[in-house]
Structure formats: structure tokens, C-alpha cells
Amino acid sequence: MLKLLWLIPALPLFSSIILILTQGKLSKNRVAFFGVGSVGLSALITISCAISFSLAPEGSVYSQTLWQWIDVVGLQPAVTLYLDGLSLVMALVVTCIGFLIHLYASGYMYPDKDYSRFFACMNLFLASMLILVLADNLLLLYMGWEGVGLCSYLLIGFWYQDPANGQAARKAFIITRVGDTAMAIGLFLIFRELGTLNIQEAMNEASRQWPLGSIYASLAALLLLAGAVGKSAQLPLQSWLPDAMAGPTPVSALIHAATMVTAGVYLIARTHELFLLAPDIQMLVAIVGTLTLLLAGFSALTQTDIKRILAYSTISQIGYMFLALGVGAWSAGIFHLVTHAFFKALLFLSAGSVILALHHKQDIHEMGGLYKRLPFIFCGFLIGSACLAALPFTSGFFSKEPILAQAWHQAPLLWLGGLVGAFLTALYSFRLIFIVFFGPVRTEPQPLHMPDRIKMRMSVSLLTLTALALFGGLFSLPLERVLPESDPHAPAGIETLNILLPLFGIYLAYHLFHRDPDRLQQLKSRPGSEKIRLFWLDGWGFDGLYDRLLRFPFLRLAHSLRNDFADALSHSTEKVSSYFHGLLSETQTGQVRWYASIMVAGILVLMGIGVLN
Amino acid sequence: MLSALILLLLISGALAWYTGQKNPQLCRWIATGSLGMLLLITLPFLPEALSSPIQSNTLNPGILNGPDHRMNWLAFQQIDWIPRFGISFLLALDGLSLLLVILTLVLGLVAVAASWNEITERVGFFYFNLLWSLAGVLGVFMALDLFLFFFFWEIMLVPMYFLIGIWGHENRRYAAIKFFIFTQASSLLMLISILALAFQHQQQMGVYSFNYFDLLGSGDHSLYGFWLMLGFFIAFVVKLPAFPLHTWLPDAHTQAPTGGSIILAGVLLKTGAYGLIRFLIPLFPGSLDYFAPYAMAIGVIGILYAAILAFTQTDLKRLIAYTSISHMGFVLLGVYAWNTLALQGAAMQMLTHGLSAAALFMIAGSIQHRIHTRDLDKMGGFWSSVPKIGCITLFFAMASLGMPGLGNFVGEFLVLIGSFQVNIPMTLIATLGLVAAAVYSLIIIQKAFHGPPNTDDITLDLNNLKDFDRREMAAMGVMIVGLIWMGLYPQPLLDTLSPVFSQLEAFVSLSATVDKAHWALHSISQQSPNELLPLEQLPPAPFPLQEASLHQVLPDRGQAVIGRLP
């Protein structure tokens, strides 16, 4: 079964190529057949690969070389797929969640006229993402890495008629490209020092050649971290993700919540040997994660767009994953990645259903009282939020708990940050629940005009995700052989605090946003609070900062160079020669007298020279 | 054999002119047929190049100009031309030339396809100029006699001048004259250098020679050698073009008819890079030592400067022209990094940029043909009316921003990873070009295809825009398949190039070391360089050159020299 590994990325790729070549001439059912079917088949193959993999002797890995990509003096990246516990987990998440989201999207996008283009991009995305996680060398990984960036760009700007969407798409692409460029430099450095781009070989070489804390290890880790930070929307490159919500909601679910944005986490886990050699940088990962989860948590509190709340919560949850990697809770970080994929996909898709029912209204203050109108969606949303807030016995609890415990052991200050973040998470997610699903009905939901079997697909997808979100915490991931072990147990008091604080957050949300809204008004009327609210709403002013630091200076520079000053250089030769031309043409007056006198003067000069010589 | 290729193009060019007056359609087919036939003749060389006996690991000490150097070439033709001055009609084909010749022919076909409906006046003369210019390019890529090289260098220039000046757009005279002056003035400098090398050969050996193999490595480390080198360098970087000598290019590319832009961007620019690799550095191996950092800096400045300028352009063709300058900066960087990785990257970049830039110019031309403007500010929302053009433009925009999986990425990545081994600061700055490329590439898509339809211009009826027809799709399809192939499986091309580069590198490193030793010796003994042994009279050095072999090269004073070597 493992022989079919190559089909996992190839199937969505083929389907994407078919959809591109047919240019929207296929009927919507055909498109869905290719678009969703290919991913479903790919998910089935992944599952069967997982089964054969689990039957294989423990610790074995499987790699499949398709062809030699480049072979130039030592640089020998091949198109090789590499399957071990880590890449298997990632491939499972990508294909299975990807399939569910595709299934949902086949309903959600049904009314759109660009149905085929949508699935072409989605399939291309999945193919790139699978290449990213299955790559055995950094160059192939980079190919997937850029490929997902491209698809993210295409899908954020899917509704291209609105220039704002194009703006958001370009912002996402360019900001992540900054990180990617740093990562490319990291690749150059690794190749120069270690002589290979194969991940396993490079890691072995690094452990062999570089002592603990060596400057090369730190630099390489830092550059890879820069790439990860861009793709995973962490500080300081996080500002593109909230705007990326301009894309259709299934896109947000798949790319900007469940899979692509966690690529950075995967990259760090994949190259964890390097980070272990650079403890400072590993600590930096944890610090970046903690700061990001706090910043994003505060921002999520003030957002009014339902998707932007979820976007900030994604940034914040990926912050937890970075915190986990940074404090050495490697498996817990990946585990959180998996459970986050479950419940965040659920939340986004449920939000999509809300948006669809309310005719593309996204402002939570225009929603309200939906729990009776949309009970099924409410259930999904509630379960998703419970997981997000890491309430006991949900999947989010099982994954977040070990992260906080390990953080407590490694760096209590970061643990405190994580704890505050957990409180914020509960607060903002239940703020959303109370505002959207309780209180008075502000917009009456409309029934969907779609064939039943298409609505059915969306429901199946939501139900499966709900089940995964609830029980996903019970999975055990085959990561022992790949990532360093950590078995964190915090003292009972700390554990209790970890559990109680989110509950307190929910209580506070209930109090402020449902039972006693006057109290909220009082808080809001305090001096300065409006300023803070706007600051958080704006994502801590990062956009403005980058505008002033980078964008405007670049635009000014570009504008001042606009006329190509080098051209002025070549024109100056023209000016000089025409000046001399002017001087010489002065002599051509057309007057015989003038010519005669000049001739005489010339003769005199020549004679003078002759005499003097 | 090789001269027949060029002759065929010249004859069919004349034929096209002759028939064009009566039957324009026929001369289009003559052009297509002759280019297609040449392609059929040259393609069989590819498998031969792949199975070439000289692979990188079987280097012989004779390297380039040893007695059996003819073995190194896929095809070789030498006819005496002006024996008194040592000028011969010397054409040869190796992996590098072969790939560039094939690129030239493919893009020639694309240019014919692009001009099919666009050129309706003086059709015969148009195809005459097109084919003659291409013939000149083929000659440049195959000539190994410096005089002959210069001859072809000029042949490709004059017809291009007519192409721009006659069939160009609103400002064509200015652009054509600027193009002509820039290239003509710079190639005169090269002519001076070529003549000086021939005279130098006459002084040392008693006979004139313009033969590549006789002159290899003859540019020395002196100030005189530096000026000669600069003559070549300026001629080549004007063609490339590199900052600050690039300013003819935006005008020429913008004003040229689509077919002309395709040939200019796709092929003519590559002659500059080819000249650097084939002639400048092997003729002046010592120049790598002292000149490489400056040349790399010029390349890096060009990458960023042109990328920023591309971003600010509102004329679509001008924008693409600046992206070409930016991409050629990578080539310059790679050539002067001068290691296998970077050279392979530079060559790949030449080939892939040939395709991607040609395609972008063809797109720009077809948009102009449809809406009669190149102004990006007047475009917008084209995607819904011409999805094929949109999709294909997106593809080539992605290629030009270096999306992995497409050929341009392979080129840029190899250049950068190769130059990172040599010069880290330069590479870091050049890598910023990747971000800038994203900025300018996306602006094309945004302004032309995304956004709402532009309603300012009422003459523009978006619903009646015609999407690409079959002929255009065929041309685009060839280039798309080519770029994907070069992106995913470039190995056959790299294998074709590798014997060329390994020999050039080996030769250059050997003679650069000898040159350096020679020069160090000179500075020790404070003698004038004329009293030293000229390079050609030095005993052949065994390869690889080590300390011991330096003693053989310079037996008596070797010890002192080695102590002083940097």
C-alpha cells in the first residue's frame, strides 16, 4: 500500500490540472466529482498507508523517490516522498480535514459561478501542502511551501472584482514571501555548511558538526524560524492573516486555520534537531509564541467580524503550538496542531453556515438569538468553542494541558502568559457564542435554496468534524520515534489553575455579554478604554507601523526613481554633444566676411606654430 | 554543416522579402518552415550532447585549447577566411551553444506566430529582418573566431534596428536610434579590444590570430589587460543589460513590435550573458580575481533597481522590460560567482527567462492588439472576459517571481546558492529581489485582470474582448510546457551544460593561478612584463594545479612566488 504514496499528492494535482484545462466547461456536478472525489481518494490512500505503516516494525520509515530533480555538484535534491510518524500525521490531517472541507465547500460554493476555478485552486493547494509535508529535502519542501502560498493568494483574492480582496491577497503573499526569503537564505546556509539539503542527512550532519549553541546552528534555526513565522502568522509577520479572511469561508477553514498556517509548526518540528542545537533560538520560538498568543487573544476580544475573531484565535492557537515547540513539548505541539485542525475547521465551517444563512452578513452585532433558529449549527459552534477554550474532556483540553505543564517546568513566565491566553481564549470564544447565538434576534436567517443532497454534504461534513473535535483528544500520535520525548506533569495546583481559568473566562463572558451588558457599557465608558479597544481592533497597530516603516518609504523611493535616473546619464551625453554642436554651429554664420577672417586667423596661427618650431 | 544553418536562414529571409510583396501569407509560412526545419536539424544534437564522452569527471589537462580540443565539441567547422590576419570561419557547437540555438529557434517561431496578424505592412521585409537578425544570433552563439563573432554581433543588430524603427509603436524612431547607438558604441569598444588581442598575439607569436583557442587566457593581469577586458565587458553588459547601461532596453522593448520584443528579450539579451561566459572570462581569467566583486555588485544593483522601477511602471511592456533587467542581474551575479552551481543557474536563468519574458511580451502585445493601449491604469477586470489570457498571464507572472516548480526558480535558486558560496553579502542583497519580484509580478495581475472593470474608458467593450485563439494558445502552450519541464526535470539540460562549464572552470582556474603566479613573480622582480615568459610559452601545468606543480611552472623562483600568493 505504501507504494501508492505518490498518489496522495498526485491525485489532487491531476484533478486540479483537469479543472484548469477545462476552464469551467464542466458541469458543477462533474467539478465536484473531480474536486472532492480526488481528495477523498487521496484521504483513503493516506489512511491505508497509515494502516500499513502501523503494521510495519516500529520506528521504520518509508521513502519513495520519484525522480532526480536537480543534480549539480553535491546539490542533489530528488523528488522524494518521506513517510515517518510526523509526516504521516500531517498527511492524515491535511487529506482528511481537507476532504471534509472540500465536501462542505461543494455545497457552500454551489451558487458561485466560478465553481470550477475554486476547486482547481483548492486541489492545487492540497497537492502543494502534501508535497510540503511529505518532502524529504528542504528544496522540495520549499516548493510545497511556495505552492501553498500561491494558492492562498489565489483563494484570498478569489472574488477578484473587489479590489480590497486583491489587496488582502497581495498582502498575504508578500508578507509571507518575506519570511520565505529568509528561509531560502537558511537553505543556502545549510547547504554551504552541511553540504546537503536532505532533511534527515542535514540534521545528522548538523548534530555531528555543530556543537551545542554554535553560531551556524543558531543562524540556520533563526532563518528557518523566520520562514515559519511568516507562514504561520506569528509575530512580527502576523498581520496578513486577519485580512486573509477576505477569501471564501471554506478557504479560511482549510488554508488559514487547519493546514497551511500550521506549516511553520511542522517545519520547526521537522528540523527540531537544529533547534535543539540552538537553545537560544528555541527559547525565542517560545517567546514569539507566547507574545503572539497574548496579542492575538486581546485583539480577538474586540473584533466584530465573526471571521476575524476566528482568525485572531487561529493566530493565538498557533502561538500555543510555537510555545510548545519552544519549551520542548514537541509532541504536544503537534498534537495541538491536530486537535486545532479539527475544532477550528468546525468553527469556521459553522461560521460559514451562519454567514450563508444570514446572506453574507459577518458582523456579530447584526446577529443574535440564533440558537433556536439554527440549533444544529449552534451545537457545532458550541462544541468547537468548548474545544477552543480547552474545557475538560474536549480535544483541545488534552492537547493544551501538556503544553502548559511543560511551559511551567521550563519557563514559568511563559506558562503565565499561556495561562492568561487560555483565559482570554475562553472569554473571546464565549463572547462570540453569547452575542451570536443568544439575546434578541437581529437578522432573521433565510433558508438555503439548494438541492437537499448538497445540504446533506455540508451536514455530513459538520457532523464528522464535530465528532473529531469532541473525541480527537483520544487519538495517540505515532510521534515517539520522531520527536524527543517529554512527559510533563505539573503540580496539582497548577493543573487546577489551568482548568479553572478558562471556566472563569466563560463565566465572565456570560456575565458581560449576556446577563449584565450594562456592566460592559460601564467598562467601555471608562477613559482610555475606547483607545485600547481601537488599538486592539487594529491588531496592535502593526499595519500602520509597517506602512510607516516599510511600505511608504518603498513607495516614495519607487516614486522618486520612477523616471530612471540612469536614463538621465545617457541623456546628459546627448545634451553635452548638442551643446558642442551649438557652439560649432555658431561658427557657421553664412557671412563671407566671417569665414574669410577666420581663415586668415587660422593661417596666422599655423604659421606662428611653424615659426616657433 | 553549421554554416549551412545560418545560410539557410539568410536565404529564406531573402526569399521571404522577395515573395512578401505578392503573397504575404507565403512569406509567413517560409519563415515558419525555415525555423521549423532548423529546429528539426538541431534537436538531434540534444541526445548526442547528453551522451557526450566528456563528462565533468573525465577532465583532461589539455582542457580547452589542448591538441585534441575538437573532441570537446558536438560539431566543429573551420574554413579559412582571411588567412593573412588569422581570421577563419570557425563555428562550433557545444552544450551551451546548442541550448541557446534551440531557444533562439523556438522563440523565432513564437515571434512569427505573434506577428502573424499584427504585422500587415511590408510583411516580406519584416520577416526578412526577423530571420536575418536570428541568423546573426545563431552566428554569435556558434562563432569561435573573434572577428567572426564581431561580424555576427553586428548582423543581428542592424535588422533589429529596422524592426523597431519601422514596425514599432508611437515613439519608435527615438527607441530605435537609442538602441542602435548604445549597442553600436559599446560594440566598437569590443572591436578595439578584439583587435588589441590580435595585435598582442602578433607581438608574442609573430602571427595575427583571431582564433578563440589561440587567444584563450591571453588577457593578463596588467592595467592594459584590464582596459581590454573592460571593452568586452561594456559591450556585453550593454546587451545584457546591466545597470546603469540598461536604459536603451525599456524604450526598445516598449516600442518594438511584439515579435521584435520577443526576440529582444528572449534571445538578444542572452548574447550578452553568453559573451561573458564564452569569451570574457576565458579570455581574461585573471579578471575574475579583481573584477568579480564589482561585476556582482552591478548585477545586484540591477536586480533591485530594476525591480523597483518595474513596480512603478504603468506601461505594461515597460514593466516587463524592467523585470527583464532585474532577471538579467541574476545572470550577471551567477556568471561572476563562477562556480558550477552559479553558472548552471545563470544558464538556466537565460533559458527560462527567454521563455517567460517572451511569453509576457506576447501577452502584452496581444492585449495591446485588442484594446489599443498598454496603459495598466486603463485596464482592469479582464479576468471575467478573457479567462484564458488571465490564467496564462498568471502562470508567467508566477514564473517570473520564481515559483518553485517552474524553470525560473531553478535558475535563480542555483545562482543564489552558488554565489552564496562565494560572496555572502551580495547574495543576501540579491535575495531581496525575490520579494521585489513578488511585488511587481502581482501588480500586473492586479491591475489588468483583477478588480472591477475599468469604466473610465468607454471605448473598451470588455464583453467583446477576444480570448486567445488557437495559434496563440499553441505558442503559449509550448512555452508553458517548456517552463514546467525545466522546473520539474531540468536535469537533462543541466547534464548538457555540465561538460561545458566544468571545462571552462578548470581552464579558468588553471590559467588564473598561473597568471597570478606570473604577476606575483613580476612584482617581485620589478621587471617589465615584456621580459617575462608569455603564458603560451609556459610549460603546460599538470592538473589539478597544486603547490608542487607551481614549482614546475615556475621552476627557479617558484618558492618566492608561493609565499606571496594571496
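## Chain A at a glance

Let's start with chain A, which contains 26 helices and two strands; helices (H or I, at least four residues) and strands (E, at least two) are DSSP runs, numbered from the N terminus. This is a predicted model, in which local features need pLDDT of at least 70 and side-chain atom pairs count only at pLDDT 80 or more, while totals for chains, interfaces and linings use all residues. Residues are numbered from 1 along each chain as its sequence is written, and chains are lettered from A and ligands numbered from 1 in the order in which they are written.

Taken along the principal axes, the C-alpha atoms of chain A fill a box of roughly 115 × 60 × 55 Å. Of its 613 residues, 54% count as buried. Here a residue is buried if 20 or more other C-beta atoms lie within 10 Å of its own, exposed if 12 or fewer, and partly exposed in between, with C-beta atoms placed from the backbone. Among chain A contacts between residues at least 6 apart in sequence, 81% join residues at least 24 apart; two residues are in contact if their C-beta atoms, placed from the backbone, lie within 7 Å.

## Chain B in outline

Chain B has 22 helices and two strands. Buried residues account for 60% of its 566 residues. For contacts in chain B with a separation of 6 or more, 80% come from residues 24 or more positions apart.

## The hairpin of chain B

The strands of chain B are β1(B), residues 75-82, and β2(B), residues 87-93. They run antiparallel and are joined by seven bridges; two strands pair if DSSP finds at least two bridges between them. One place to look is Gln77(B), which stands opposite Leu91(B) in β2(B).

Four residues lie between the strands of this hairpin, and Gly86(B) takes a positive phi near 65°. Six of the seven residues of β2(B) are buried, so this strand is largely enclosed by the rest of the structure.

## Two helix pairs in chain B

Helix α14(B), residues 316-337, packs against α18(B) at an angle of about 160°, with the axes 11 Å apart. Axes are lines fitted to C-alpha atoms, for helices over the stretch in contact, and angles run from 0 to 180 degrees between N-to-C directions. The two helices are therefore roughly antiparallel, a label for angles over 145 degrees. On the α14(B) side, the residues that meet α18(B) are Leu319(B), Thr323(B), Ser326(B), Phe330(B) and Leu333(B). Their partners in α18(B) include Gly433(B) and Tyr440(B). By class, this contact has eight nonpolar, three polar and no charged residues. Ala, Val, Leu, Ile, Met, Phe, Trp, Tyr, Cys and Pro count as nonpolar, Asp, Glu, Lys and Arg as charged, and the others, Gly among them, as polar.

Helices α6(B), residues 146-155, and α8(B), residues 172-205, pack at about 170°, with their axes 10 Å apart. That makes α6(B) roughly antiparallel to α8(B). Among the residues meeting here are Phe150(B) and Trp153(B) in α6(B), and Met190(B) and Ile194(B) in α8(B). The contact of α6(B) with α8(B) divides into eight nonpolar residues, one polar and one charged.

## Where the chains meet

Finally, 43 residues of chain B are in contact with 40 residues of chain A. On the chain B side, the elements giving two or more residues are α13 (287-312), α15 (340-371), α16 (387-400), α17 (407-420), α18 (424-449) and α20 (491-525). The most come from α18(B), with ten residues. The side of chain B that touches chain A comprises 28 nonpolar, 14 polar and one charged residue.

Key: Angles under 35 degrees count as roughly parallel, over 145 as roughly antiparallel, 65 to 115 as roughly perpendicular and the rest as oblique.
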